[in-house]
Amino acid sequence: VRLHDYEIEEHQALEDSRKVEPSMLSEARNVTVALSSTEQKSINVKSTLLGQVAAKFYISHRTAATLDDRMKAELSIEYLIRILTECDEFGELPVRHNEEKVNEQLAQNLVECLEKFNNPRTVRKELEKKYFIFHEAMASPHMKARLLLLALFTRVRLPMHDYLTDTRTVLDNSSRIVQGMMSIAAERSFWTTTKNVILLAQMLVQGVWFNSPVFQNLPLWNDDVADSLKRSRITTIDKLLSLQPTKLESLGSNNADGLRAIRDSAARLPRASLSNIQVIGLRDDGNEDSFWNGARDRRVRVNVDVRCVRGSGSVRQPRNGAAPEVISGSPAFKRGAKEGWYIVVADAQSNAVLALKRIAGFEGKRTLSLQVNQADLQEGTTQIHLLSDCYVGLDSMILIQHRTDSLNSNRRPDQSPPTESSGNSFNPLLQRRRQ
């Protein structure tokens with residue numbers, strides 16, 4: 001029995017034989033396990049990809065089936081929030097007596113605040129449709145979970161203390177489900193959806209929208225400081241840190257203390273970058289091919305240096321002697337969140353994920369290797385992205401512009417590699433770009 005293609009007749013035979021637990025049959029129908037019978041009339045049970053995702057991230061097998069059915073290419077962040085909040089884990093979120101009226105009022109406040117993040121000409125009904133706010137479902141726990149997340153990202157005041165407790169419950173479940181969403185999207189090579197899921201993970205940790213200013217969670221941030229930085233076109237940490245003290249004070253005499261505090265806090269944020277990309281051909285046994293000529297039927301190894309200068313998170317020293325954990329500053333999670341980075345090789349033309357690797361937070365320089373098929377490197381531009389899993393606005397990207405012209409796959413090992421002038425070389429041209 002395969003992941004999607006399993007026979008109902010076989011499941012009915014297994015059910016009739018009463019040799020399989022009802023819970024096992026339920027998980028089989030939700031494609032988290034695969035059941036098959038043998039000639040000896042025994043039953044084999046094998047975990048599928050969805051089953052491994054459900055077990056690794058502690059999510060329901062019904063949630064895994066929901067993600068399997070609804071994760072598509074090029075999903076927006078708003079729709080991903082809808083998928084997230086309609087998962088099985090939020091079905092028992094408490095909706096107390098008369099809270100549907102409170103949810104209705106919260107939804108109205110949300111729409112008024114969301115107008116600031118969208119086109120001023122957008123009418124209210126279009127905003128409600130964009131963010132999937134359904135007034136007829138205010139008594140639903142799934143709608144309440146969606147409203148709580150939207151209120152967190154938009155910084156809308158909650159109506160009562162019970163809603164703060166409910167928000168913490170929603171966040172605890174969301175962090176696990178989002179990791180499952182990312183695993184499924186990356187496995188299916190949906191680059192836009194994978195990127196938006198990672199941005200959603202950043203939003204959950206920081207409690208802001210993905211396009212919010214990177215300085216928004218720093219101390220003494222207010223509208224006056226935001227206006228001062230916006231007028232000076234300071235949108236990145238590097239630009240802020242490059243300012244001299246006199247220039248910083250001249251940005252706003254009334255906000256000098258706030259600007260200095262934000263600059264000092266920004267200096268402690270992690271700053272990661274990519275450099276020194278190498279594309280190496282591999283033989284069938286996985287070893288490097290010294291005479292590789294860029295043949296498209298081969299696998300290649302992409303080596304990239306990742307450098308991180310960090311100072312925002314505290315380093316927790318475990319008692320059992322394990323490696324220290326880097327804890328990020330997190331307004332949404334008071335206990336902090338483990339800092340990590342995603343390295344993604346993606347193709348801009350086909351919108352596909354070619355390789356993905358996650359690394360824990362670190363300080364210094366590391367060299368990472370990712371293997372991709374040369375056939376997937378289509379003519380055009382391949383991107384290497386560095387994405388934080390907890391900080392908004394610190395992502396970066398490098399472009400690898402490759403060229404694979406008429407390649408000679410019959411060159412003898414004793415021949416020298418082709419030169420650039422011959423038109424047969426694999427020539428990475430690097431261009432740095434900040435997102």
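These legends go with several close-up views of one predicted model. Local features are described where pLDDT is at least 70, and side-chain atom pairs count only at pLDDT 80 or more, while totals for chains, interfaces and linings use all residues. Residues are numbered from 1 along each chain as its sequence is written, and side-chain values use heavy atoms, with hydrogens and water left out.

**View 1. Thr154 in helix α8.** Welcome to Thr154, found in α8 (residues 141-154); helices here are DSSP runs of H or I of at least four residues, strands are runs of E of at least two, and both are numbered from the N terminus. Thr154 has a relative accessible area of 7%, so it is buried (buried means under 20%, exposed over 50% and partly exposed in between, with a 1.4 Å probe and protein chains only). The Thr154 side chain comes to 2.6 Å from the backbone oxygen of Leu150. Leaving aside residues up to four places away in sequence, Thr154 touches Leu110, Cys113, Leu114, Phe117 and Trp209, where contact means heavy atoms within 4.5 Å.

View 2. A nonpolar core is a set of buried Ala, Val, Leu, Ile, Met, Phe, Trp, Tyr and Cys residues joined through side-chain atoms within 4.5 Å. The largest one has 60 residues, and Leu67, Met71, Phe153 and Met181 touch the most other members. Elements giving two or more residues to this core include α3 (49-57), α4 (61-70), α9 (161-187) and β8 (340-347). The largest share, 10 residues, comes from α9. With residues up to four places away in sequence left out, Met181 touches Leu67, Met71, Leu80, Ile83, Leu84 and Val197. Apart from this core lies another, of 25 residues, among them Val306, Leu368, Leu377 and Ile398.

View 3. In α11 (residues 223-231), the residues Val225, Ser228 and Leu229 are buried. Looking down the helix axis, the buried residues of α11 fall within an arc of 95 degrees, so they line one face; the arc is that of the directions from the helix axis to the C-beta atoms. As background, an α-helix has 3.6 residues a turn, so residues three or four places apart point the same way. Turned away from the buried side of α11 is a face with the exposed residues Asp223, Lys230 and Arg231. Arg233 follows α11 and has a positive phi, near 60 degrees.

**View 4. The open sheet β3-β4-β10.** This open sheet has three strands in the order β3-β4-β10, with antiparallel pairing; two strands pair if DSSP finds at least two bridges between them. Because β3 (271-281) and β10 (364-373) each have a single partner strand, they stand at the edges, and one side of each is left without a neighbour in the sheet. β3 pairs with β4 (residues 299-309) in the antiparallel sense over nine bridges. Within this sheet view, look for Arg271, which stands opposite Val309 in β4.

View 5. Most residues other than glycine have a negative phi. Glu74, in the loop between α4 and α5, has a positive phi near 60 degrees. At 57% relative accessibility, Glu74 counts as exposed. Phe132 sits in the loop between α7 (124-130) and α8, and its phi is positive, about 55 degrees, although it is not a glycine. Phe132 counts as buried, at 14% relative accessibility.

Definitions and conventions. Polar contact = N/O pair within 3.5 Å; in protein donor to acceptor, adjacent residues only side chain to side chain.
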